[in-house]
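Student: Hey, could you walk me through this one? I'd like to start with the pockets.

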Amino acid sequence: DINYLIIGSFSTTSIEKVIVLAEEHKEKIYVAMDILNNKIMIKGWEEESSFLPINLFDGYNSSKIRGYVLTDIQKDGMLTGLDIEMISQNLKLTKKNLIIGGGLSTYDDLEALTKIEADNVEGVIVGKSYYVGNINIIKAQEMLKKNA
């Protein structure tokens, strides 16, 4: 079984089609928002779209998508820390769930994420911070449960 589908570039070029798809598969679709300098990047981060995050939020907030995967591509894989201000600003633009990616480095980032006044952070992508040994998944889960 496939539990969820994450849609990237197609979600900027075919909003109506994704909305119809989400209607058929309620709460099963995430819209990927790969952000660079507050613009949505598409086609494998190679092309800048004309969309700002607010445009996609406006397009999908009333739809049946489950949420968004918000990736700060300038920080992705860099271990430079989450951009908590950018994340906070985007969380305010939607009631839908957000999965956060890009820049997670240490447990301090996880702690900062738990301090955001929002209840729609669904998850965080640990990626490189896990592979280089900065984050232990069990410890991170325990920490996030304690702060939930």
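**Pocket and salt bridges**

Tutor: The lining of the largest pocket has 10 nonpolar, 5 polar and 2 charged residues. Here Ala, Val, Leu, Ile, Met, Phe, Trp, Tyr, Cys and Pro count as nonpolar, Asp, Glu, Lys and Arg as charged, and the others, Gly among them, as polar. This is a predicted model, where local features need pLDDT of at least 70, side-chain atom pairs count only at pLDDT 80 or more, and totals for chains, interfaces and linings use all residues. Residues are numbered from 1 along each chain as its sequence is written, and side-chain values use heavy atoms, leaving out hydrogens and water.

Student: Which residues lie nearest the centre of the largest pocket?

Tutor: Leu113, Thr114, Val121, Glu122 and Leu144, out of 17 lining residues. Helix H5 (107-114), strand S7 (121-124) and helix H7 (137-146) each give two or more residues to that lining.

Student: OK, new topic. How many salt bridges does a search of the whole structure find?

Tutor: The search finds 5. A salt bridge is a side-chain nitrogen of Lys or Arg within 4 Å of a carboxyl oxygen of Asp or Glu. In one of them, glutamate 122 pairs with arginine 66, with the closest N and O atoms 3.2 Å apart. That pair links distant parts of the chain, 56 residues apart: glutamate 122 is in strand S7, and arginine 66 is in the loop between helix H3 (53-60) and strand S5 (67-72).

Student: And what about glutamate 47 and lysine 43?

Tutor: Their side chains also meet in a salt bridge, at 3.5 Å, N to O.

Note on methods. On a 1 Å grid over the protein atoms alone, a cavity is a set of points where a 1.4 Å probe fits but cannot get out, and a pocket is an open set with protein on both sides within 12 Å along at least five of seven lines; lining residues have an atom within 4 Å of a point. Helices (H or I, at least four residues) and strands (E, at least two) are DSSP runs, numbered from the N terminus.
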